[in-house]
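Subject: Structure handover

Hello,

I am passing on the structure we spoke about, with notes on what was found in it. Please look at the model before reading on.

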Amino acid sequence: MPNCGEFSDDKPKEECGVFGIFGHPKAAELTYLGLRALQHRGQESAGIVASDRTTFHHHCGMGLVTVVFDEETLSKLKGNIAVGHNRYSTSGDSNLENAQPLICQYKRGPLAIAHNGNLVNAPRIRSDLEDAGSIFRGTSDTEVIAHLLARSQQTYLEDRILDALKEVRGAYSILFMGKSLLIAARDPHGFRPLWLGRLGDAYVLASETCAFDVIEAKAIREIAPGELIIITSTDREPESFHFHPALPHLSQCIFEYIYLARPDSVIFGELVNRPRREFGRQLARESPADADIVIPVPDSATLAALGYSEESGIPFEMGLYRNSFVGRSFMNPSKEMRELMVKVKLNPLPDVLEGKRVIVVDDSIMRGPTSRKFVKLIRQGGATEVHIRIASPPNKFPCFYGVDTPTRKELIASSHTIEEIRKYIRADSLGYLTIEGMLKCMKSPKDFCTACFDGNYPVEFSGQPTTQLPLNF
Ligand code: SF4
């Protein structure tokens, strides 16, 4: 999966992962395991808040889940309700103040919030609230929701939450934990996934079903876009409210299928494995190449490369070895060191590549230099031709709904033709999946956001980049 150090620096960064559990004596330990399964959705910070129905117990820190928690910290998180969060900062700075779950105190007690997504009108609401005297602790947009619900005049927490959600626009799959209840909500557009499951009598909630598999919980259903559910007892079904009328079309993030979600997760109604592989098949139909082998950029493009190989009949091989034990580098290396570090993370296999015409399937190109390094590596491995095939359309626009992408200026496809990009990365040929081809792979093509490819942002906001920007061709 993602996070292959230097190579993953040119990938969109996963947003965040959320996990919640209600009514289990080992709530914190199970949340820890759920967060480990969701680690690919955020590696900058992790946190768990547990409630023993009187007091909250919490721990969070910077880094991977295994770094932040140990047996001792987990043993202090007492209670049978818990929420957890893995963060990659898509809004707000990357520091401990912005780590989640966010804990706040409102009129009726403590509240913990774990949010996946990005609110496009958070800066305006925040500025209005600050003008009215509110003081913010960090810079994350989730704090805006906390302030809005604290200001609501409603008596019950769920009504306060509904008041707050009426104000915000954008992407949210969000969990709220009170002393003795758990609430989940998903934005009306359905940008980010969110699931409800059951483990024995306990209820569980998670961004992806892979977090249920790890604790052997049973997936019940996805929280519907515009739905809020309230869990107050293990003896009855969660209460469900549809706080927004169903929209004619959803805007589920298609990048979840391209790269972000785990292939063994079910999201937006199907196992990620199927569309991810189908993108590769469609790419082979749209952009064939005369070659001896198909190799993936490991690991995220492996399924698309398999699909390409199946459709084209060209044998699939692993031509690059990825060292999965390399974490992030905090060094500031010299140019020479940087070149060498590339090989610490990915190394070509000469016995696979020697004398071969190679099709290399990757999931996306953001800035370009990383793809150029791949081409160089594969040639160093002995390939006679390198044909790059990308299992998604050219990324021309940034995401404002919770995925960290480079700015429009940095995205190579926003200002260069495919031929210019090919020349830059020094490939023999370059082909992308078309937007039409990508949507053809989907069971309900109208229910997906494609803004990072076509600039059609489904939720408008001020400062939105226009599709009419003059491009520097
Ligand atoms: S802009 Fe792209 S990454 Fe962002 S939500 Fe839409 S499809 Fe996903």
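The model is a predicted one. The strands behind that pair are E12 (residues 227-231) and E13, which run antiparallel and are joined by 4 bridges.

**The sheet with E12 and E13**

These two strands belong to an open sheet of 6 strands, ordered E5-E6-E7-E8-E12-E13, with antiparallel pairing. Its edges are E5 and strand E13 (239-242); each has a single partner strand, so one side of each has no neighbour in the sheet. On average, neighbouring strands of this sheet are turned by 20° against each other, direction ignored.

Two helices are placed against this sheet. H5 lies across E5 and strand E6 (109-116), and runs at about 15° to E5. H6 packs on the sheet as well, where it touches strand E7 (173-178), strand E8 (181-186) and E12. The direction of H6 makes about 25° with that of E8.

**H5 against H6**

The two helices also pack on each other. Helix H5 (residues 142-151) and helix H6 (residues 157-167) have axes 8 Å apart and an angle of about 125° between them. An angle of this size makes H5 oblique to H6. The crossing of H5 and H6 is right-handed.

From H5, the contact takes in Ile145, Leu148 and Leu149. From H6, the residues they meet are Arg160, Ile161, Asp163, Ala164 and Glu167. By class, this contact of H5 with H6 has 5 nonpolar and 3 charged residues, and no polar ones.

**The sheet of 7 strands**

There is another open sheet, made of 7 strands in the order E3-E2-E4-E1-E10-E9-E11, and its pairing is antiparallel. Strand E3 (56-62) and strand E11 (218-222) are the edge strands, each pairing on one side only. Here neighbouring strands are turned by 15° against each other on average, direction ignored.

**H9 against H10**

How are H9 and H10 set against each other? Helix H9 (residues 273-286) and helix H10 (residues 302-312) pack at an angle of about 45°, and their axes are 7 Å apart. The two helices are therefore oblique to each other. Their crossing is right-handed.

On the H9 side, the contact is made by Asn273, Arg276, Arg277, Glu278, Phe279, Gly280, Arg281, Leu283, Ala284 and Arg285. On the H10 side, the residues are Leu303, Ala304, Ala305, Leu306, Gly307, Tyr308, Glu310, Glu311 and Ser312. Sorted by class, the residues of the contact of H9 with H10 are 8 nonpolar, 4 polar and 7 charged.

**Around the ligand**

Which residues surround the ligand? They are Phe191, Cys253, Ile254, Phe255, Cys399, Tyr401, Val403, Cys449, Thr450, Ala451 and Cys452. This shell divides into 10 nonpolar residues, 1 polar residue and no charged residues.

**Backbone points in the loops**

- Gln100 and Pro101 are joined by a cis peptide bond, with omega about 5°. Pro101 is in the loop between E4 and strand E5 (102-106), and E4 belongs to the sheet of 7 strands, while E5 belongs to the sheet of 6 strands.
- Pro298 and Asp299 are also joined by a cis peptide bond, with omega about -5°. Asp299 lies in the loop between strand E17 (293-296) and H10.
- Glu216 is not a glycine, yet has a positive phi of about 60°. Glu216 is found in the loop between helix H7 (210-215) and E11.

Regards

Terms used:
Residues are numbered from 1 along each chain as its sequence is written. This is a predicted model: local features need pLDDT of at least 70, side-chain atom pairs count only at pLDDT 80 or more; totals for chains, interfaces and linings use all residues. Axes are lines fitted to C-alpha atoms, for helices over the stretch in contact, and angles run from 0 to 180 degrees between N-to-C directions. Angles under 35 degrees count as roughly parallel, over 145 as roughly antiparallel, 65 to 115 as roughly perpendicular and the rest as oblique. A crossing is left-handed if the near helix is turned anticlockwise from the far one by less than a right angle, and right-handed if clockwise. Two residues are in contact if their C-beta atoms, placed from the backbone, lie within 7 Å. Ala, Val, Leu, Ile, Met, Phe, Trp, Tyr, Cys and Pro count as nonpolar, Asp, Glu, Lys and Arg as charged, and the others, Gly among them, as polar. A residue is near a molecule or strand if its C-beta atom, placed from the backbone, lies within 6 Å of it. Two strands pair if DSSP finds at least two bridges between them.
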